[in-house]
Protein chains: 2
Amino acid sequence: MSTEGPLASARLGYLLKHAYLRYAERSREALAPHQVDGRELAVLTRLAGPEPLSQQEAARQLGIDRTTMVALVDGLERKRLVGRRPDPGDRRKNIVELTAAGRTTLIDATEAADRAEQQFLGALGPAAASSFKDVLRTLLGSGP
Amino acid sequence: MSTEGPLASARLGYLLKHAYLRYAERSREALAPHQVDGRELAVLTRLAGPEPLSQQEAARQLGIDRTTMVALVDGLERKRLVGRRPDPGDRRKNIVELTAAGRTTLIDATEAADRAEQQFLGALGPAAASSFKDVLRTLLGSGP
DNA sequence: CATTGATTATCAGTCTTACTGACGATCAGG
DNA sequence: CCTGATCGTCAGTAAGACTGATAATCAATG
């Protein structure tokens, strides 16, 4: 409260970028013990759904490029968290499934990420924190 | 409202990252006619202040690495928007000043960026838009 | 004055992330 | 069978930001 700093005059782009960078750092620290990063956790979360997904279906849902997804699944497979197998109904597709280790990691890493999220939003009240995420969803929901 | 999409379950990191990416795209379009990008506009804004700044002073205020600032000022100088001259009091430093064209660009580009910001926040009410920026400032203000 | 240590701007190299473009394999429709 | 489209893959590229090193300069000290 002593120095007003450059924040007072900061433009929206600066605020959004640095809020993201700040959160990414917190998240990185929280997830480091679980051998995954935030994107890998998001992939695991998607793949844990009820029906099996191909790489590109998962990629589309997450807004990840199809070529980026290759390297991402490569990494998860190297860590034995997921496995690829050809879709019997369409052999162009790879079905990507979580291994047992993948399911364990998903649970533990999700917990760690939730804590990092709460810590990051700690300066806001619980109500403001929840409404903050709602506002972000509103912004992303309008105008594709 | 028909499909709930992946947004409902999206994690904070996803929301922040994609909100930033969405805004960055809007900003890029708005600034393209003015020959600058968002970072360059931020640099111009800082340099337009009352007292002259060296490269590293400006970089520190903007959270930009000193080596990144070299290329950034190179680009602005190539476009004749800023000029370097040695600080007479400390010849290690470069004072970076806006040219007349730089001042014109600053005014026009700021206006365009403000419009992009309003457009991006359009889905929120005016009150919610303002409080959204306040929340971001709160998050960045707590715990550097 | 000479020396030492710190600071400024710069450059070269590296790393991450994500993209484009191309390719073979496979599928669906005529 | 062909043709066109889709899926996964790979090679190459580009942006952005970092590390480490260097020359010039400054401040301070003996």
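Start where the copies meet: 100% of the interface residues of chain A are also interface residues in chain B, so the two use the same surface to touch each other. Keep in mind throughout that this is a predicted model.

**Stop 1: both protein chains**

Color chains A and B separately. In contact across the interface are 35 residues of chain A and 35 residues of chain B. To see what chain A brings, select α1 (12-31), α2 (38-47), α5 (100-120) and α6 (126-141); each supplies at least two residues of the side that touches chain B. Of these, α1(A) gives the largest share, 13 residues. Color that side of chain A by residue class and you'll get 20 nonpolar, nine polar and six charged.

**Stop 2**

Which order do they come in? You're looking at an open sheet of three strands, β1-β3-β2, with antiparallel pairing. The edges are β1 (53-54) and β2 (82-87) of chain A; each has a single partner strand, so one side of each has no neighbour in the sheet.

Next, zoom in on the pairings:

- β1(A) runs antiparallel to β3 (residues 90-98) of chain A, with two bridges between them. Pick Ser54(A) and you'll find Ile95(A) of β3(A) opposite.
- β2(A) and β3(A) are also antiparallel, joined by six bridges. Here Asp87(A) sits opposite Asp90(A) of β3(A), and a hairpin takes the chain from β2(A) to β3(A) through two residues.

**Stop 2: the sheet in chain B**

Two bridges hold the antiparallel pair β1(B) and β3(B); for one of them, select Leu53(B) and look for its bridge partner Val96(B) in β3(B).

**Stop 3: DNA strand C**

Bring everything back and select what surrounds DNA strand C. There are 17 residues, the closest being Asp65(A), Arg91(A), Ser54(B), Gln56(B) and Thr67(B). Elements giving two or more residues here are α4 and β3 of chain A, plus α3 (55-62), α4 (66-78) and β3 (90-98) of chain B. Which element gives the largest share of this surface? That's α4(B), with four residues. By class, the surface near DNA strand C has two nonpolar, seven polar and eight charged residues.

**Stop 4: DNA strand D**

Finish on DNA strand D, which 16 residues surround. The closest are Ser54(A), Gln56(A), Thr67(A), Asp65(B) and Arg91(B). Show α3 (55-62), α4 and β3 of chain A along with α4 and β3 of chain B: each gives two or more residues to this surface. α4(A) gives the most, four residues. Coloring by class here picks out two nonpolar, seven polar and seven charged residues.

Key: Residues are numbered from 1 along each chain as its sequence is written. Chains are lettered from A and ligands numbered from 1 in the order in which they are written. This is a predicted model: local features need pLDDT of at least 70, side-chain atom pairs count only at pLDDT 80 or more; totals for chains, interfaces and linings use all residues. Two residues are in contact if their C-beta atoms, placed from the backbone, lie within 7 Å. Ala, Val, Leu, Ile, Met, Phe, Trp, Tyr, Cys and Pro count as nonpolar, Asp, Glu, Lys and Arg as charged, and the others, Gly among them, as polar. Two strands pair if DSSP finds at least two bridges between them. A residue is near a molecule or strand if its C-beta atom, placed from the backbone, lies within 6 Å of it.
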